[in-house]
Amino acid sequence: MTSHPTRRVAIWTHQRTTSTALLQCFAGRENIKTFMEPYAVPFIEEWKHCLEDNPTYVNSRYKEVKTMLESDYPGSTLIVFKDMADFIVGRYDKIPEGYTHTFLIREPTQSISSFWRATINTGRTSFPRRYSYGSIKPVLDLYDYFAKQNQPCIIIDAHDLSHFPEIVLKQFCQKIGVTFSDDMLRWKSQNIGDWDPFLKYRKECNIWFGSALESTSFHPLPTKDTPIDLSVIPEKYISALEESKPIYDVLFAKRIKPF
């Protein structure tokens, strides 16, 4: 019997890009192993210790996640994880080896306003971030790191994916060396078997991921000319939007094009 090599795919993103839906189209399928934001736990733990000004704290969780992602999973021919670029920028030695790196981006007016609407619903006023809340800058920083390492990357735009999922996914699968299946266009809701308990049982889970978790297919995002209420973005954080627009334009030009 001929054995098939295991493909490994990383999906890096920023907030509110439908990235959970993209992971869901792979999750729970035969021969596919997925991980949902595995670097979230070490990132948040480190943030908490920084707030406590704990000089003796040593974060070993990043190394544990790297080892987990590099491990073999018998029977799996494809391993996929998705995570926030913000969680790994500056910790490049903790990026797992052997992965094809993908970036999922979304027009910042839509993504940042969506981030703040969700933020209001959580009742929280601060989050562990090293960048402006909702900024796309960490995506660009990570992309630039891979470019300097001569590692080719794939860029997908969330609007393209949501409106033309079959066309975009077929190109994506071709680039990562896996066979596209119509099954990728539909999935079971609440498919979170591989999620870390930290994410699975958080009370905020339904606020941040609820729509994606209840979904069974991709749903078209608003068109880019849809009027957006920017009043939800606090004035002191509007700089994230100003910072992100030119970054998005640069990355958008390099994306998988549906037509």
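**Entry 1. Thr102**

I located Thr102 in strand E4; helices (H or I, at least four residues) and strands (E, at least two) are DSSP runs, numbered from the N terminus. The model is a predicted one, in which local features need pLDDT of at least 70 and side-chain atom pairs count only at pLDDT 80 or more, whereas totals for chains, interfaces and linings use all residues. Residues are numbered from 1 along each chain as its sequence is written, and side-chain values use heavy atoms, with hydrogens and water left out.

Is Thr102 buried or exposed? I found a relative accessibility of 1%, so Thr102 counts as buried; buried means under 20% relative accessible area, exposed over 50%, and partly exposed in between (1.4 Å probe, protein chains only). I then took the C-alpha to C-alpha distance from Thr102 to Ile176, which is 9.4 Å at a sequence separation of 74 residues.

**Entry 2. Salt bridges**

I recorded 10 salt bridges in the structure, each being a side-chain nitrogen of Lys or Arg within 4 Å of a carboxyl oxygen of Asp or Glu.

Lys82 pairs with Glu37, with 2.7 Å between the closest N and O atoms. This pair links distant parts of the chain, 45 residues apart: Lys82 belongs to strand E3 (residues 78-84), and Glu37 to the loop between strand E2 (32-36) and helix H2 (40-51). Lys82 is buried at a relative accessible area of 1%, and Glu37 is buried at 8%.

Glu45 and Arg61 form a salt bridge at 2.9 Å, N to O. Here Glu45 of helix H2 is joined to Arg61 of helix H3 (residues 61-70), 16 residues apart. Glu45 is partly exposed at 28% relative accessibility, and Arg61 is partly exposed with a relative accessible area of 27%.

I also examined Asp157 and Lys224, whose closest N and O atoms are 3.7 Å apart in a salt bridge. Asp157 lies in strand E5 (residues 153-157) and Lys224 in the loop between helix H9 (205-214) and helix H10 (239-252), so the bridge ties together parts 67 residues apart in sequence. Asp157 is buried at 1% relative accessibility, while Lys224 is partly exposed at 34%.

**Entry 3. Aromatic rings**

The rule pairs rings of Phe, Tyr and Trp (its six-membered ring) if their centres lie within 6.5 Å; planes under 30 degrees apart count as stacked, over 60 as edge-to-face and the rest as tilted. Phe81 and Tyr99 have ring centres 5.2 Å apart and planes at 70 degrees, so I classed the pair as edge-to-face. Phe81 is in strand E3 and Tyr99 in the loop between E3 and strand E4 (100-105), 18 residues apart. Both Phe81 and Tyr99 are buried. Ring pairs also link these two with Trp12, Tyr39 and Tyr62 in a cluster.

**Entry 4. Second largest pocket**

I looked up the second largest pocket and found about 360 Å³ of space. It has 15 lining residues, and the closest to its centre are Ile32, Thr77, Leu78, Val178 and Thr179. A pocket is, on a 1 Å grid over the protein atoms alone, an open set of points where a 1.4 Å probe fits, with protein on both sides within 12 Å along at least five of seven lines; lining residues have an atom within 4 Å of a point. Grid points are joined across faces, edges and corners, and the volume is the space filled by probe spheres set on the points.
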